[in-house]
Amino acid sequence: MKILSCTQQKEADTYTIAHESISSIDLMEKAATLITEAICKRWDKSHRIVVFAGAGNNGGDAVAVARMLFQKNYDVEVYLFNIKGSLSEECHTNVLRLAECGFQKYTEVSTQFDPPKLTEHDIVIDGLFGSGLNKPLSGGFAAVVKYINAAPSTVVSIDIPSGLMGEDNSYNIRQNIIQADLTLSIQLPKLSFLFAENEEFVGEWELLDIGISQTFIEEAQTPYLITEPQDVTTLIKPRSRFAHKGNFGHALLIAGSYGMAGASILAAKACLRSGAGLLTVHAPVCNHNLIQTCVPEALVQDDIHEHYFAEPVDIDSYQAIAIGPGLGQEEDTALATLEQIKNCYIPLILDADALNIFGTHRNHLNKIPKRSILTPHVKELERIVGRCSNSYERLSKAKELANYLQCYIILKGAWSTVITPDGNCFFNPTGNPGMATGGSGDVLTGILTALLAQGYTQEESCKLGTYIHGLAGDIASQRMGEISMTANDIIDALPEAWKIITKTK
Ligand SMILES: NC(=O)C1=CN([C@@H]2O[C@H](COP(=O)(O)OP(=O)(O)OC[C@H]3O[C@@H](n4cnc5c(N)ncnc54)[C@H](O)[C@@H]3O)[C@@H](O)[C@H]2O)[C@@H](O)CC1
Ligand SMILES: Nc1ncnc2c1ncn2[C@@H]1O[C@H](COP(=O)(O)OP(=O)(O)O)[C@@H](O)[C@H]1O
Ligand SMILES: [K+]
């Protein structure tokens, strides 16, 4: 699913009106009908509905919703802020339509606003500003936002919480943005909905399909996409009846150190549960017996060192290599890792401590082979690119890094983002906060290694790997609950996740 900028959304409205024989006012009527339905589904007539509308089309939506709820016998009040004494054409039409149906509780605010007392039982509809917002809110509007945010009512924002920008909020004023409980977004999500620091504004969000032109959406250029099930199910390669393990690659995992055998075991198990033909784990001597016992399917190759990775290995027999989970931060390990990746000619994944090395050895970044996959969480990324003050800045810096290195970056977290060397960003919709537990990332690395070994391209592996990882996480959370689930539970759910994804193909 594409994520369009607010400018593109405006163009999409215009295109739809021009090409789909629907007028602007009817498009608004469609939006209002769906918003009204979503509200009625959640709240009955015992709730007073207090509508705050702006002078643009977001306000037009809100006034139309007020009419529809009034006609369904809801108790509705409308405050329309018409500071400049001019309304958009559609907003004006809806004000007239509201009056025509005998609606009385309408207040148009031009200078003085006497705010009504809002209660816990009230539903506030926020239709002050939508995609037309062009600067942070200030003055009277900021005061209205603060008053709504301070009220105990439930807040429903139309299209986007008023005051929030669709993409970059670096220069916004957080106190002047509506904190919605529910955002009913028109047609497509906004990029800013996917950023952690905006959760307090957006709340839960739902998309309403008002019939914006599919032709426009298909042709629109955007670097931001949300991965959908069919994007990954279509990637799955069927297994030939005559397949043998040689067809599915030999993966090499360099992982673990004294006290961190678990990382290598989790990654190894996930790799084997994701279809690799053969797996060798290269580990320090101290972990040998443990890995052999916990993952009997894997071959174990000992490092020269008792406690940590110290000597690079020959990669001739492998189709993919992952390095990093639980490696530790010994200087010898850093040197061995740099030596290992230099001139690495097979698909490579760098995770965890293999990434931390570049926080302290930044001048070696250019040793990372092109087309490698880097899987940093927020902190690991910031160790390389420097501290970021918000998610938009972090995403931008990650895009710059992916471009500079010509690598794939999976920026992990909720909505893990696959960033390609040419700057496309695929947001992964699966997964849940139960996955915020030690070892979850090692599981992802194992899955990605298996996919690369089986011959999936880097982009395919990243998209499919993050999706299946999150899906297994979702199954694990159903089975065990978000609080109790562990990384091992994600691995235990992988077979079910793979079955689901191959069945829906
Ligand atoms: N036919 C259409 O075009 C449709 C539009 N829709 C709605 O229309 C919205 C977009 O409407 P508009 O483009 O009219 O934009 P908005 O309603 O978001 O507001 C734009 C108005 O606010 C002013 N403004 C912007 N930032 C401001 C600030 N910081 N302080 C004070 N004033 C500010 C602008 O000058 C402009 O007059 C969407 O979010 C959606 O809710 C939907 O009804 C779908 C159909
Ligand atoms: N709230 C969340 N929603 C979805 N996925 C999450 C969430 N929190 C964590 N995850 C996923 O769990 C994994 C955690 O990885 P990481 O932080 O590297 O863990 P570790 O280093 O302990 O293995 C990532 O793939 C991340 O996307
Ligand atoms: K709004």
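Ligand 1 is surrounded by 27 residues, and the closest are Gly56, Asn57, Asn58, Gly130 and Gly132. A residue belongs to such a shell if its C-beta atom, placed from the backbone, lies within 6 Å of the molecule. Helix H1 (6-19), helix H2 (24-42) and helix H3 (57-71) are the elements that give two or more residues to the shell around ligand 1. Helices are DSSP runs (H or I, at least four residues), numbered from the N terminus.

This is a predicted model, in which local features need pLDDT of at least 70 and side-chain atom pairs count only at pLDDT 80 or more, while totals for chains, interfaces and linings use all residues. Residues are numbered from 1 along each chain as its sequence is written, and chains are lettered from A and ligands numbered from 1 in the order in which they are written.

Around ligand 2 there are 19 residues, of which Ala414, Gly431, Met435, Ser440 and Gly441 come nearest. Helix H15 (440-453) and helix H16 (458-480) each supply at least two residues of this shell. H15 provides the largest share, 4 residues.

The table gives the two shells by residue class. Ala, Val, Leu, Ile, Met, Phe, Trp, Tyr, Cys and Pro count as nonpolar, Asp, Glu, Lys and Arg as charged, and the others, Gly among them, as polar.

The axes of helix H9 (residues 261-272) and H15 come within 7 Å and cross at roughly 40 degrees. H9 is therefore oblique to H15. Axes are lines fitted to C-alpha atoms, for helices over the stretch in contact, and angles run from 0 to 180 degrees between N-to-C directions. Angles under 35 degrees count as roughly parallel, over 145 as roughly antiparallel, 65 to 115 as roughly perpendicular and the rest as oblique.

H9 contributes Ala263, Leu266, Ala267, Ala268, Lys269, Ala270 and Cys271 to the contact, and H15 contributes Asp442, Val443, Thr445, Gly446, Ile447, Thr449 and Ala450. Two residues are in contact if their C-beta atoms, placed from the backbone, lie within 7 Å. By class, this contact has 9 nonpolar, 3 polar and 2 charged residues.

The domain assignment, which is automatic or from a database, gives domain 1 (6-222) and domain 2 (247-503). Their centres, taken over C-alpha atoms, are separated by 42 Å. Domain 1 and domain 2 each put 8 residues into their contact. On the side of domain 1 that touches domain 2, 3 residues are nonpolar, 2 polar and 3 charged.
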